Amino acid sequence: MAPIPAARRDIVVAGASAGGVEALRALAASLPAGFPGHVLVVMHLPPGARSALPLILDRAGPLRAVVARHGTRLVPGTIYVAPPDRHLLLATDHLVLSRGPTENGHRPAINALFRSAAVAAGPRTIGVVLTGVLDDGAAGLQAIAARGGVAVVQDPADALYAGMPEAALRLTAADHVLPATEMGDLLDKLVRQEVDPASAPPLTATLELEDRIARDGSSIDVHNPGDRGDMSGYTCPDCQGALIEIAPDANHYRCRVGHAWSAESLLAAQVDELERALWTALRSLDEKTGLARRMQADAHERGHELLVERYRRSAEESSIAAEVLRRYLISLNPPLDEELVP
């Protein structure tokens, strides 16, 4: 059998969340003209959003930036940006857009892109984790490193939000940690390096399963030992299904239909779910107080003093409980001392 020819590290996958426009603009501005690699970008966006990110990145530097399209063949020196509500994935030499299950509550998800590159390109891949909260991208960067790719992380001190860079560094020993403005020169050197595709460590069953779920929306076969992990005892915030512990060593979970959660993102989603439930309870208490007072007034007009006292106590108890709950909910969301980054 003829040896597999050498290839270059020509695939750059980058992910960002909060503060990502500034970081990605700095990255695009630092990339030189004639850059021979392909750049695939995911930034968290609401499903119904209209993203101006391709235009922003196109104007930021010399490289052409476009919205990723399903089936597009890769052209060197181009930045491909994931559209809202679609996972951006890499196939052998073209792009795939998918409506696979959300990951950490996001579609597009950084982990989905990074894993697909680890599967399709192995050591040809350079993963870049930029600013953001929580930990999307950390597991994907770990997969890239495990397949022989290069792990690059924005210096947390340079990031507007250090959560994602710090989470990536906790999970993976990054090859390079530096400010976003300095990444262009580094990436230009890395994409010119030759690598041996045959040197990639074999795919794990978990990596293959998770990439398949993102690509075609496959459900987890709970009767297949290769798919089935331990039941976690937690429920999926997206669909309320039981969560399976896919990667016990990484606290990584999926429900039967494929929604993925890291422990950190699951905890944040549960906090949001609890807050919604408490606001619902507060509304019910306020409505109960109002109704009890109205019934108290009606009973007083009819001369039913025993009922007046009963409804008065009910209104007072509900009002006190509502005030306690209202103070607690307000304490969960103190005023911000800084401007929100769009």
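Of the 342 residues in this protein, 48% count as buried. Keep in mind that the model is a predicted one.

On the overall layout, the C-alpha atoms fill a box of roughly 100 × 50 × 35 Å along the principal axes. How far apart in sequence are the contact partners? Taking contacts between residues at least 6 apart in sequence, 66% join residues at least 24 apart.

| Helix | Residue range | Residues in the contact |
|---|---|---|
| α4 | residues 138-146 | Ala-138, Ala-139, Leu-141 and Gln-142 |
| α5 | residues 163-171 | Ala-167, Ala-168 and Leu-171 |

The residues of this contact split into six nonpolar, one polar and no charged. Gln-142, on the α4 side, meets α5 alongside Ala-138, Ala-139 and Leu-141.

How do α4 and α5 sit relative to each other? Their axes are 8 Å apart, and the helices pack at an angle of about 40 degrees. Angles under 35 degrees would count as roughly parallel, and the perpendicular class runs from 65 to 115, so α4 and α5 are oblique to each other. As for handedness, α4 passes α5 in a right-handed crossing.

Conventions
Residues are numbered from 1 along each chain as its sequence is written. This is a predicted model: local features need pLDDT of at least 70, side-chain atom pairs count only at pLDDT 80 or more; totals for chains, interfaces and linings use all residues. Side-chain values use heavy atoms; hydrogens and water are left out. Axes are lines fitted to C-alpha atoms, for helices over the stretch in contact, and angles run from 0 to 180 degrees between N-to-C directions. Helices (H or I, at least four residues) and strands (E, at least two) are DSSP runs, numbered from the N terminus. Angles under 35 degrees count as roughly parallel, over 145 as roughly antiparallel, 65 to 115 as roughly perpendicular and the rest as oblique. A crossing is left-handed if the near helix is turned anticlockwise from the far one by less than a right angle, and right-handed if clockwise. Contact means heavy atoms within 4.5 Å. Ala, Val, Leu, Ile, Met, Phe, Trp, Tyr, Cys and Pro count as nonpolar, Asp, Glu, Lys and Arg as charged, and the others, Gly among them, as polar. Buried means under 20% relative accessible area, exposed over 50%, partly exposed in between (1.4 Å probe, protein chains only).
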